[in-house]
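These are my notebook entries on one structure. I looked up a helix residue, its surroundings, a strand, the cores and the overall dimensions.

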Amino acid sequence: MSYHTVRPDVQAFLDMMKANPRPPMSDELVAYMRSLPPGAIPSLDLPVGDLAVIRDLTMPGPGGDIPLRLFDAQAERAPGPVVVYYHGGGFAAGSIDSHAAVCADMARSLDLPVVSVEYRLAPENPWPAAPDDAEAAARWVAENGAALGIKPTALVLAGDSAGGNLAAVTAIALRDAPAVLPVLFQFLIYPVTDSHTRHPSRDTFADGFFLSSSDMGYFDRAYASDVSHWRSSPALADLAGLPPTLVVTAGLDPLRDEGREYARLLEAAGVPTKLLEADGTIHGFFTYRLHIPSARDDFSEALELANAMLLEAGGA
């Protein structure tokens, strides 16, 4: 690791995790983690804090009801965009709860309502259950502002890691078959964009940077996607006509290179695109802000840029 610059607080976090290792990801571990009550696994992120609106609701989905959670810094607001957020976790882990602080802070920073989506997870629900739910949720949010207590005028699709993949895939689906509201912007945070091509960073940062090669191998097996299909690897799609996009990457992330390449492909397709790379930090830093203080600045910088791009797109 000596030839990669690692921030001191990131190194301290990696040392802490190495001293307290968890078992490798497996069906058994995933089942155990899901059996625990909320809060039983200590959060690595900041507290959710107070917010004017944090409300749970459900919507009908392709495979049954999909839980949603609305985060809003304002109890009442004028018509405007709504963020649809897809959490990370390798398509097999993560939840509305694990990403509640990210969604709450996104609602504060963007001053927009954020709807977090509890899509179906692998291995019980392999691909394409997750993108089916992700697309259905975006369409439902577009059509059901009254049920949410908001008056949405456009969608912002956002997500981290696996959720970044779902945001990207949903943006393509809604370009090809539009929802009742337009997609104004997509915000892709260290996204999975190309499981078909093995980019160099998958090997460079395979071990020692928290997101391990064994965990990634498990997630790929559990998700069981057709990696040659754009609904698994959106980098393989025609990307022309997509909304303005912010791609955030981490310098020490196995997914770094495919995030960089997706930004390049978008730009080549004529999509207004910005790439923001956080140097010296690891995959998942948005959700490790309690233990990696510098990640708070990274989060703020990304949200400031997202705000500026939204303003330019006419959504703020």
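I started with Ala173, which lies in helix α6. Helices here are DSSP runs of H or I of at least four residues, strands are runs of E of at least two, and both are numbered from the N terminus. This is a predicted model, in which local features need pLDDT of at least 70 and side-chain atom pairs count only at pLDDT 80 or more, while totals for chains, interfaces and linings use all residues. Residues are numbered from 1 along each chain as its sequence is written, and side-chain values use heavy atoms, with hydrogens and water left out.

I looked up the exposure of Ala173 next. Its relative accessible area is 8%, so Ala173 is buried (buried is under 20% relative accessible area, exposed over 50%, partly exposed in between, with a 1.4 Å probe and protein chains only). Leaving aside neighbours within four places in sequence, Ala173 is in contact with Glu135, Arg139 and Trp230 (contact means heavy atoms within 4.5 Å). I also checked Asp203, which is 30 residues from Ala173 along the chain, and the two C-alpha atoms are separated by 31 Å.

Then I took the whole of α6, residues 162-176. From first C-alpha to last, its 15 residues reach 22 Å, close to the 21 Å expected at 1.5 Å a residue (the expected span is 1.5 Å times one less than the number of residues). Helix α6 is largely enclosed by the rest of the structure, because 13 of its 15 residues are buried.

Not counting residues up to four places away in sequence, Glu135 touches Thr170, Ala173, Leu174 and Arg231. Ala269 is 134 residues from Glu135 in sequence and 22 Å away in space, C-alpha to C-alpha.

Next I turned to strand β7. I noted that six of the six residues of β7 (residues 245-250) are buried. Thr245, Val247 and Thr249 point one way, and Leu246, Val248 and Ala250 point the other way.

I found Val247 as the bridge partner of Leu188, and Leu246 opposite Lys274 in β8. Between β7 and β8 the chain passes through helix α9 (residues 256-268) in a right-handed β-α-β crossover; right-handed means that, with the strands pointing away from the viewer, the path from the first strand over the helix to the second runs clockwise.

I then looked at the nonpolar cores. Such a core is a set of buried Ala, Val, Leu, Ile, Met, Phe, Trp, Tyr and Cys residues joined through side-chain atoms within 4.5 Å. The largest has 49 residues, and Tyr86, Leu155 and Tyr262 touch the most other members. A second, separate core of 46 residues includes Leu112, Val156, Phe205 and Ala278.

Last, I noted the overall figures. The protein has 10 helices and eight strands, and 56% of its 316 residues count as buried. Its C-alpha trace spans about 50 × 45 × 35 Å along the principal axes.

Note on methods
Two strands pair if DSSP finds at least two bridges between them.
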